[in-house]
Structures are given as C-alpha cells and as structure tokens.
Amino acid sequence: MKRAYWAGAILILGFLALGLTTFTKTMTPYVSFTEAKASRRTVQVMGALEKGSTKYDQDKKVLNFTLVDPQTKELIPVSYTDVKPANFEDAVSIVAIGRYENDKFTAEKLLVKCPSKYQGEEIEKQYGKKA
C-alpha cells in the first residue's frame, strides 16, 4: 500500500477520535441527586421546586432554591447566578445543568418546564402539582 493511503487513513482515524472525544465531553447526562453529589463533571438533575425554598437576590442576580426528587424525596440545594426565569414559581419541574461543589449544586443553566394544558393529568401524577 502506498504511503499516501496510510497517511490518509491515519488522518481520518485521528479526526474520528477527535470528534468522538469532543462529543463525549460535551454530553451532559441526566443523573440522580446522589450521583450528582458524587460526580465531578457537569451533569443534569431534574426535580420539583420545594415550596418556600426560593430566595432571589435581585441586585446580585443569585437564585437559591431546593429541588426535590419526586420519586425518592431527596433534596438538593441549587444556586444559580443569572436572571430568575419569569415562570420559575409556576414550574412543575426544573432541570438544572451544572455541578455539585461546596455542598450545593451550582447551576450554569436552568430549564423550567411549565404546565401544559395537554399534560395536566400526567404532571399531576408525576409531581403532585395540578397543571
């Protein structure tokens, strides 16, 4: 086989390895609260907002709240530094993307899932909230 073929094959394999490595690093898996506390990497946790746990400092734009796992009732404190989502209090579930450090989950992003008139019964069963 010619050298050019070998060089091309090595180059293609190198790009495939680079693409796979980059893809793996950018994935943020959903994990349980326990797994999030043990993990050192960026993960996603989903839960319901614990009533009365929301504290928002509008000047510093720091939102602190507690998520509750609907199945295990486990709690995880979350800190988020940015503008509080407008529909935050009405959320039936919240996805926090970030990492657990210093005894709290520091979220880089929040995904707020609001009730939908088409999912009313399903949401009520899962999270105990009426849509």
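Hi everyone, let's begin with Leu 110: setting aside neighbours within four places in sequence, Leu 110 is in contact with Leu 63, Phe 65, Tyr 80, Pro 85, Phe 88, Ile 94, Val 95 and Ala 96. Contact here means heavy atoms within 4.5 Å.

A quick word on the source. This is a predicted model, where local features need pLDDT of at least 70 and side-chain atom pairs count only at pLDDT 80 or more, while totals for chains, interfaces and linings use all residues. Residues are numbered from 1 along each chain as its sequence is written, and side-chain values use heavy atoms, leaving out hydrogens and water.

Now the overall layout. The protein has three helices and six strands, in the order α-α-β-β-β-β-β-β-α along the sequence. Helices (H or I, at least four residues) and strands (E, at least two) are DSSP runs, numbered from the N terminus. Of the 131 residues, 31% count as buried; buried means under 20% relative accessible area, exposed over 50%, and partly exposed in between, with a 1.4 Å probe and protein chains only.

Back to Leu 110. Which residues touch the most other members of the largest nonpolar core? They are Phe 65, Leu 67, Phe 105 and Leu 110, out of 20 residues in that core. Helix 2 (33-38), strand 1 (43-49), strand 3, strand 4, strand 5 and strand 6 (104-113) each supply at least two residues of this core. By a nonpolar core I mean a set of buried Ala, Val, Leu, Ile, Met, Phe, Trp, Tyr and Cys residues joined through side-chain atoms within 4.5 Å.

Next, the rings. The structure holds one aromatic pair. The ring centres of Phe 65 and Phe 88 are 4.9 Å apart and the planes are at 70 degrees, so this pair is edge-to-face. Phe 65 sits in strand 3 (residues 62-68) and Phe 88 in the loop between strand 4 (75-81) and strand 5 (93-101), 23 residues apart, so the pair links distant parts of the chain. For Phe, Tyr and Trp (its six-membered ring), centres must lie within 6.5 Å; planes under 30 degrees apart are stacked, over 60 edge-to-face, and the rest tilted.

Not counting residues up to four places away in sequence, Phe 88 touches Leu 49, Thr 54, Leu 63, Phe 65, Ile 94, Leu 110 and Val 112.

Finally, Leu 18 in helix 1 (residues 3-26) counts as exposed, at 52% relative accessibility.
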